[in-house]
Amino acid sequence: MGRYAIRRLLQAIPVLVGTTFLIFVIVYALPGDPIAALGGDRRLDPAYVAVLREQFHLNDPLLLRYWYYVRGVFSGDFGTTYRGVPVTQIFQGKFGVTFQLAMTALIMEAVIGLGLGLLAALRRGRWEDQAVLGFTLFLVSIPPLVMGFVLQLWLGVKLKLNTGLDIFPVAGNAEGLRSYLLPGFVLACTSIAYLTRLTRTSLVEVLRADYIRTAVAKGMSRRRVLGRHALRNSLIPLITYLGADLGSLMGGAVITETIFNLPGIGQQLFNSVYLRENTVVVGIVTVLVLVYILANLVVDMLYAVLDPRIRYE
Amino acid sequence: MRVTNGAKIAAASALLALAVAACGGGSSSPGASGSADTPVRVYISEPQNDLIGGNTGESGGAEVLKALYAGLVDYNDKAEPQLEIAESIEHDATNTNWTIKIKPGYTWSDGTPVTAQNFVDAWNFTANSANAQQLGSYFSIVKGYDALNPADPDEDGPKTAPPATTKTLEGLKVVDDSTFTVELTHPFSGFETALGYSAFFPLPKAAFGADGKLVAAESTSPITNGPFKIAKPYKRGTDQTISVTRNDSFKGGKAKVANIDYKIYTDPETAYNDLLAGNLDVMDTLPASQVANAKATFGNRYIEGPSSGVGWLGFNIKTGGVYATNPELRKAISMSIDRKTITQTVFSGTRTAADDNISPLIPGYRQGACGEACNYDPAAAKQLWESNGGSAVKEVTLSYNADGGHKEWIEAVANNLRTNLGVAVTPKPYEKFAAILDDLGAKKVQGAFRLAWLMDWPLPDDYLRPVFGTGGSSNYVQYSNKQFDELLNKGDAAPTLDEAIKFYQQADDLALKDLAYVPIYFYQLNAAYSQNVKNVKLDPFEALDVLNIEKA
């Protein structure tokens with residue numbers, strides 16, 4: 001198991017180098033001069049532009065620029081933005097916010113998704129099942145953008161104005177955990193729906209299996225049958241889904257973070273692509289790739305824990 | 001049915017967790033009434049650069065600078081200059097040699113007095129392109145700018161500019177602690193007005209390190225001389241709030257509120273929701289989609305007025321198609337644009353129809369200066385178009401940058417032209433404005449493109465010279481009219497501002513006759529504020545009047 005993990009981590013190195021290089025080439029291939037973009041509609045003084053181009057090696061060939069970048073990264077220097085902010089300073093403040101948001105969303109997914117799925121599976125065909133089905137249909141059919149603005153207006157603005165209950169802040173992360181509830185839910189919405197359905201299907205299938213009938217016939221308590229046999233065996237597809245989802249939650253927070261003005265990495269990534277802040281884009285994507293690789297590794301490790309038949313040696 | 005119970009318990013505990021979290025955070029939010037010390041919360045977009053006058057050329061940073069710094073002059077409600085730190089600003093008969101005396105008693109937030117040397121140091125620093133300050137080129141009017149910034153002999157070519165032999169502007173001389181003189185390269189009657197722009201703010205001695213560069217602390221907690229000072233270090237790129245607190249020793253007047261928080265938003269829609277919920281007090285740029293709602297919701301707490309921005313359609317008058325090079329055809333195009341309907345419907349009233357090249361905010365603006373060329377008259381337009389050979393035009397192109405919300409009005413103009421002139425029109429989106437400039441440089445733009453200009457200082461010359469003057473920084477159409485340039489120069493050399501404005505207006509008339517840029521719309525100021533504050537005023541630069549705002 002340990003050797004397997006180390007092998008997987010070593011495999012990640014070429015993946016990381018490859019992605020950074022690809023991203024590096026792609027962001028610099030985008031049209032538009034990043035320095036000229038600093039001035040908006042105004043033409044900047046040529047002397048000012050020349051100094052900045054020199055400072056950021058923009059006159060050098062792409063490969064040389066990549067070499068400067070990689071050299072910097074290995075000495076812990078991710079460069080600075082064209083606006084003079086060190087990229088590491090952006091990382092420090094922003095990854096924490098996105099991580100907190102992604103974890104809130106993940107926990108909501110796991111609790112609500114598994115809970116509803118369980119309920120639907122056990123009440124298969126009855127009104128509870130139908131209600132859960134309807135609810136998930138509702139969740140997937142509303143785009144996150146709409147969901148975000150509607151919930152912000154109803155629970156953030158109107159609830160406070162009409163009842164005086166200041167439960168969900170409209171924007172920002174100044175209120176700690178409370179600030180993440182609404183954005184976390186918006187981010188988790190689609191996944192909650194998928195996870196609910198996945199849990200239901202998976203559990204329904206397992207409950208029909210012979211070994212469950214055997215267990216029941218043995219006179220095992222219902223709780224034990226469900227907990228030890230049914231749930232555990234239906235968890236593998238769910239864990240796969242959750243693991244892959246963590247990556248997309250980290251990267252997919254662009255809309256949510258913008259609506260709720262959370263200073264996280266998604267918002268930053270969008271702005272940086274827009275402003276051609278190439279060093280920030282490459283840095284963020286590199287870290288996201290790393291998160292993705294690690295999350296998938298953890299998922300693969302969990303398989304072995306859940307299913308003793310799976311071995312990695 | 002134990003498991004079902006279990007599921008119920010799981011669901012119930014999830015709700016409980018929500019409720020507990022809701023209670024836990026409640027105590028940290030301030031009450032609606034607010035004590036005297038709770039900050040006034042003001043909307044801004046993220047400042048692009050450090051909070052230094054010479055490096056701040058966009059609205060987010062300028063808003064904060066207004067609270068942190070005081071310049072030589074400030075502007076009154078009519079956008080006229082009035083002395084702030086300056087005791088007197090005098091010039092000789094040629095308008096090129098200026099003597100500036102400063103009032104005693106202004107201090108920096110580190111306790112040192114504001115001296116003439118502070119201005120000269122800051123200007124020398126900003127003007128030196130090696131320091132990469134965005135507003136450095138504003139000092140090209142000061143004698144010695146060329147020596148400080150030697151030109152690159154072959155522009156983009158392999159040769160590099162020779163190193164500068166000096167680190168100071170020859171035209172700046174400190175006479176004593178409270179007096180300095182400025183020698184300009186040419187007469188400029190508007191120099192006093194220009195001095196209120198952030199490029200001309202001072203910097204304290206402590207801001208500079210031994211190497212002549214700014215010390216690192218200036219980027220997080222700058223030493224300032226304005227009515228407010230930084231309350232806690234601001235980490236740009238990370239922090240969402242810039243907190244400032246009143247500077248009680250500020251000589252220019254005592255602010256009525258003790259603290260201001262500038263809150264940084266990426267999306268104005270979000271900020272508007274925060275304003276509705278009472279989590280934000282002042283928002284000076286309402287999103288266009290919410291303006292109609294805001295009028296109804298905020299009533300007398302909604303502010304509307306002219307802003308300094310003007311939007312044009314510029315024509316490639318040198319290398320463009322026949323309709324771009326012929327002034328009569330340009331006029332026909334201008335007359336076929338229904339400015340009023342476009343500003344009311346497409347912009348929902350956040351713009352007004354333009355009838356001058358100069359904003360209504362500026363002394364020197366004349367209502368209807370553009371005359372019939374800016375009046376919507378489809379019949380006359382069609383006639384003018386056809387009598388000047390417009391029927392032969394196959395296609396009109398309208399270029400715009402797709403990142404700035406221009407698509408809708410450009411499409412509306414395109415429809416006007418199609419209907420009224422019977423010509424095929426192709427709106428051509430570019431990814432960024434800079435990309436349009438690249439194509440203009442490569443002579444690939446056939447027709448018109450959009451351009452907008454916001455003032456640096458409230459004088460007509462700040463609109464006319466950069467946009468229409470020969471070699472002007474935003475004269476992307478290569479318009480060059482000797483008579484026009486001469487009139488501007490006459491204005492610059494005029495003994496008083498009133499006389500200068502008369503010359504500027506004559507120059508404006510020429511520009512309006514030639515129509516290299518056709519004025520389309522004036523920007524509007526649309527602001528609103530919460531019930532927590534009163535006496536909210538915005539200056540001509542749309543920055544909050546921090547001295548007069550009060551808690552309600």
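Start with Tyr463(B), which is buried because its relative accessibility is 0%, under the 20% cut-off. Bear in mind that the model is predicted.

**Around Tyr463(B)**

Tyr463(B) sits in helix H15 of chain B, residues 461-468. Which residues does Tyr463(B) touch, leaving aside those up to four places away in sequence? The list includes Ser308(B), Val310(B) and Trp312(B). Asn357(B), Ile358(B), Ser359(B) and Ile362(B) belong to the list too. Trp453(B), Met455(B) and Phe468(B) are also touched by Tyr463(B). Asp508(B) is 45 residues from Tyr463(B) in sequence. In space, the C-alpha atoms of Tyr463(B) and Asp508(B) are 9.4 Å apart.

**Chain B as a whole**

Now step back. Chain B has 17 helices and 19 strands. Its radius of gyration is 26 Å, close to the 24 Å of the globule rule for 552 residues, so chain B is as compact as a globular protein of that length. Along the principal axes, the C-alpha atoms of chain B fill a box of roughly 85 × 80 × 50 Å.

How much of chain B counts as buried? The figure is 55% of the 552 residues. The accessible surface of chain B is about 22,000 Å². Carbon and sulfur atoms hold 52% of that surface.

Contacts also reach across the sequence. Take the contacts in chain B with a separation of 6 or more: 67% of them join residues 24 or more positions apart.

**Strand S17 and its partners**

Turn to strand S17 of chain B, residues 517-529. Of its 13 residues, 13 are buried, so the strand is largely enclosed by the rest of the structure. Several strands pair with S17(B). Strand S11 of chain B, residues 282-283, is joined to S17(B) by 2 bridges. Strand S12, residues 302-315, pairs with S17(B) over 10 bridges.

Met283(B) faces Ala528(B) of S17(B). Tyr521(B) of S17(B) stands opposite Gly311(B). Tyr521(B) is also the bridge partner of Ala353(B).

Strand S10 of chain B covers residues 259-264. Here 6 of the 6 residues are buried, so S10(B) is largely enclosed by the rest of the structure. Which residues lie on each side of S10(B)? Asn259(B), Asp261(B) and Lys263(B) are on one side, and Ile260(B), Tyr262(B) and Ile264(B) are on the other. Both faces are covered.

Strand S1, residues 40-44 of chain B, runs parallel to S10(B). Val42(B) has Tyr262(B) of S10(B) as its bridge partner. Strand S9, residues 241-246 of chain B, runs antiparallel to S10(B). Ser243(B) stands opposite Asp261(B) of S10(B).

| Strand in chain B | Paired with | Bridges | Direction |
|---|---|---|---|
| S11 (residues 282-283) | S17(B) | 2 bridges | antiparallel |
| S12 (residues 302-315) | S17(B) | 10 bridges | antiparallel |
| S1 (residues 40-44) | S10(B) | 5 bridges | parallel |
| S9 (residues 241-246) | S10(B) | 5 bridges | antiparallel |

**Positive phi angles**

Most residues other than glycine have a negative phi. Asn95(B) has a positive phi, near 65 degrees, and is not a glycine. It lies in the loop between strand S4 (86-91) and strand S5 (97-102) of chain B. With a relative accessible area of 0%, Asn95(B) is buried.

Asn95(B) is among the residues touched by Asp492(B). Asp492(B) is in helix H16 of chain B, residues 482-493. Its relative accessible area is 2%, so Asp492(B) is buried. Its other contacts include His186(B), Pro187(B), Phe188(B), Ser189(B) and Tyr504(B). Asp461(B) and Arg465(B) are touched by Asp492(B) as well.

His57(A) is not a glycine, yet its phi is positive at about 55 degrees. The residue is in the loop between helix H3 (46-55) and helix H4 (62-74) of chain A. Is His57(A) buried or partly exposed? His57(A) counts as partly exposed, at 31% relative accessibility.

Definitions and conventions
Residues numbered from 1 in each chain as written. Chains lettered and ligands numbered in written order. Predicted model: local features only at pLDDT ≥ 70, side-chain atom pairs only at ≥ 80, totals over all residues. Heavy atoms only, no water. Helix = DSSP H or I, 4+ residues; strand = E, 2+ residues; numbered from the N terminus. Rg over C-alpha atoms; globule rule 2.2 N^0.38 Å. Buried < 20%, exposed > 50% of the residue type's maximum accessible area, 1.4 Å probe, protein only. Contact = heavy atoms within 4.5 Å. Areas by Shrake-Rupley, 256 points an atom, 1.4 Å probe, with all protein chains shown as cover. Pairing = 2+ DSSP bridges.
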